[in-house]
Amino acid sequence: MRFKNMITVLCVALAMCLAVCGLTACGEESAKKVTVTIVDGETKTPVEIETGKTVKDALDAAKITLGEKDTCEPKADAKITEDTKEIKITRTAAEIKVSLTVDGKTTNYVTTAATVQDFLNLQNITLGKDDEISAKTTDALTDGMKLTIKRVVYKEETKTEEIAFETEEEKSSSLAEGTTEVTQEGVKGEKTVTYQVKYVDGKEESREKVSEKVTKEPVKKIVTVGTGIDSGSDSGSGSDDSGSDDSGSDDGGSDDGGRTVVSRDPMPDCDEDGHGTYIVTYSDGSVEFEVY
């Protein structure tokens, strides 16, 4: 009898054990991992989550936080099932005022955009690769924010520019001291210069020289400076101011102007009045007549 009771107890224990194991196995089979895509605006984040967990658990796993007025579908407390493929978030932002200056025009907007880039997307504004904006595109949009976009374009421009010539002095004893003479005229050269020019909103802001090439060498100007002695000084004129008479001599006397008498030729007294005339030729080539 006692043996039969022991068998009965063992059977009951075995049955309970099998029942517990069966429930555990059943529970393991019911919890499966699925991949759910969380759509937050233009951002899509895949996350692996077990069925039976909530949507909020999935958001937490993806480190995504809902704002006070933000909503999601399915709702945050909904259970994840094998049919849950996507969680879509709707962001609800308060309306704010923003001013934008672009292409020389300022416009005021009321928007619910969260970031600068979101705002630009809503206005269909595209930034060029060199354009400048007063805030980062990832910055949060704030009430009263003033955004400015500058359209920037770089262009290469080539110009022909003059090259100034140098002036050089040479000394020469063949010229009298204090006199100068241009013995070679200077000629300007030419060069081709390439600049990179920055235009902001259509106006030149800066230019930087990229390269230059001389296409015509300049010719220097040469000025000869005299160092010699003046051979035309008055020291050897040999003039006699002692009051010599008009005897017609070729003594080379000089007048008050520094001229030297080259010749004094008499002319006959044709009218027989007792007076004759000298033809006086000077060193400067002038001719005068003197009555005697």
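Strand E3 (residues 71–73) and strand E4 pair in the antiparallel sense over three bridges, two strands being taken as paired if DSSP finds at least two bridges between them. The bridge partner of Glu73 in E4 is Lys88. Strand E4 also pairs with strand E1 (residues 33–40), here in the parallel sense and over four bridges, and Asp40 has Ile89 of E4 as its bridge partner. Strand E4 itself spans residues 86–90, with Ile87 and Ile89 on a covered face and Glu86, Lys88 and Thr90 on an uncovered one. In a regular strand the side chains alternate between the two faces of the sheet.

The model is a predicted one, in which local features require pLDDT of at least 70 and side-chain atom pairs count only at pLDDT 80 or more, whereas totals for chains, interfaces and linings use all residues. Residues are numbered from 1 along each chain as its sequence is written, and side-chain values use heavy atoms, with hydrogens and water left out.

The chain contains three helices and 17 strands; these are DSSP runs numbered from the N terminus (helices H or I, at least four residues; strands E, at least two). Of the 292 residues in the chain, 23% are buried (buried, under 20% relative accessible area; exposed, over 50%; partly exposed, in between; 1.4 Å probe, protein chains only). Among contacts between residues at least 6 apart in sequence, 52% join residues at least 24 apart, a contact being defined by heavy atoms within 4.5 Å.

The structure holds 14 salt bridges, each defined by a side-chain nitrogen of Lys or Arg within 4 Å of a carboxyl oxygen of Asp or Glu. One of them joins Arg151 and Asp103 at 3.1 Å, N to O. This pair links distant parts of the chain, 48 residues apart: Arg151 lies in the loop between strands E8 (145–150) and E9 (152–163), and Asp103 in the loop between strands E5 (96–102) and E6 (105–111). Asp103 counts as exposed because its relative accessibility is 53%. A further salt bridge is formed by Arg207 and Glu157 (3.2 Å, N to O), connecting strand E13 (residues 203–216) to strand E9 across 50 residues. Arg207 is partly exposed at 33% relative accessibility, as is Glu157 at 22%. In the salt bridge between Glu205 and Lys198, the closest N and O atoms are 3.2 Å apart; Lys198 is buried, with a relative accessible area of 12%.

Glu185 occupies the loop between strands E11 (180–184) and E12 (189–200) and is exposed at 56% relative accessibility. Leaving aside neighbours within four places in sequence, Glu185 contacts Val219, Lys220 and Lys221.

The mean pLDDT (the predictor's confidence in each residue, from 0 to 100) of the chain is 82, and 76% of its residues reach 70 or more. Residues 22–28 have pLDDT below 50 and zero contacts in the model beyond near neighbours in sequence. Residues 234–252 likewise stay under 50, with 16 contacts beyond four places in sequence. Where pLDDT is low, the predicted coordinates should not be read in detail.
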